[in-house]
Amino acid sequence: MDARLSISPEAVLQGLIEDFDIPQLDEVLERVRMADQGGISYNRVLTVSADSIEEDIRSDIETQIQRAPIRLTIPMVAAVFFPALILG
């Protein structure tokens, strides 16, 4: 039994781009289109795209982690300082 999709991978990705607002999907679609024109396998393109997206997510998370102490300092100081003024 041979099952085939009646929709192209490009059309599926285009539908996902329309449904979700994720900039990385545009990059994946462009890579898939280039792979189709260049004869590269979709498996290789999707693997490279997933690795790239993973690295982007990782760097964003690391940036947020580095900023967290700075963002938390002001509320912590306010939570300690103002009650100390009221009680003191």
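At what angle do H1 and H2 pack, and how far apart are their axes? The angle is about 170°, and the axes are 10 Å apart. Before going on, the conditions. This is a predicted model, in which local features need pLDDT of at least 70 and side-chain atom pairs count only at pLDDT 80 or more, while totals for chains, interfaces and linings use all residues. Residues are numbered from 1 along each chain as its sequence is written, and side-chain values use heavy atoms, with hydrogens and water left out.

Back to H1 and H2. The angle of about 170° makes H1 roughly antiparallel to H2; angles under 35 degrees count as roughly parallel, over 145 as roughly antiparallel, 65 to 115 as roughly perpendicular and the rest as oblique. Axes here are lines fitted to C-alpha atoms, for helices over the stretch in contact, with angles from 0 to 180 degrees between N-to-C directions. Helices are DSSP runs (H or I, at least four residues), numbered from the N terminus. The crossing of H1 and H2 is left-handed, that is, the near helix is turned anticlockwise from the far one by less than a right angle. On the H1 side, the residues that meet H2 include Leu-13, Gln-14 and Ile-17; their partners in H2 include Leu-25, Val-28 and Leu-29. Contact means heavy atoms within 4.5 Å.

Now H2 against H3. Their axes come within 10 Å and cross at roughly 155°, which makes H2 roughly antiparallel to H3. From H2, the contact involves residues including Val-28, Val-32 and Asp-36, and from H3, residues including Tyr-42, Leu-46 and Ile-53.

Which residues of H1 are buried? In H1, residues 9-19, they are Glu-10, Leu-13 and Ile-17. Buried means under 20% relative accessible area, exposed over 50%, partly exposed in between (1.4 Å probe, protein chains only). These three cover an arc of only 65° around the axis, which puts them on the same side of H1. The arc is taken from the directions from the helix axis to the C-beta atoms. Their cover includes H2 (23-38) and H3 (42-87). The face turned away carries the exposed residues Glu-18 and Asp-19.

Last, the rings. There is 1 aromatic pair. The rings of Phe-81 and Phe-82 have centres 5.6 Å apart and planes at 65°, so the pair is edge-to-face. Rings of Phe, Tyr and Trp (its six-membered ring) pair if their centres lie within 6.5 Å, and planes over 60 degrees apart count as edge-to-face, under 30 as stacked and the rest as tilted. Phe-81 is partly exposed at 45% relative accessibility, and Phe-82 is partly exposed at 48%.

Note on methods. Helices (H or I, at least four residues) and strands (E, at least two) are DSSP runs, numbered from the N terminus.
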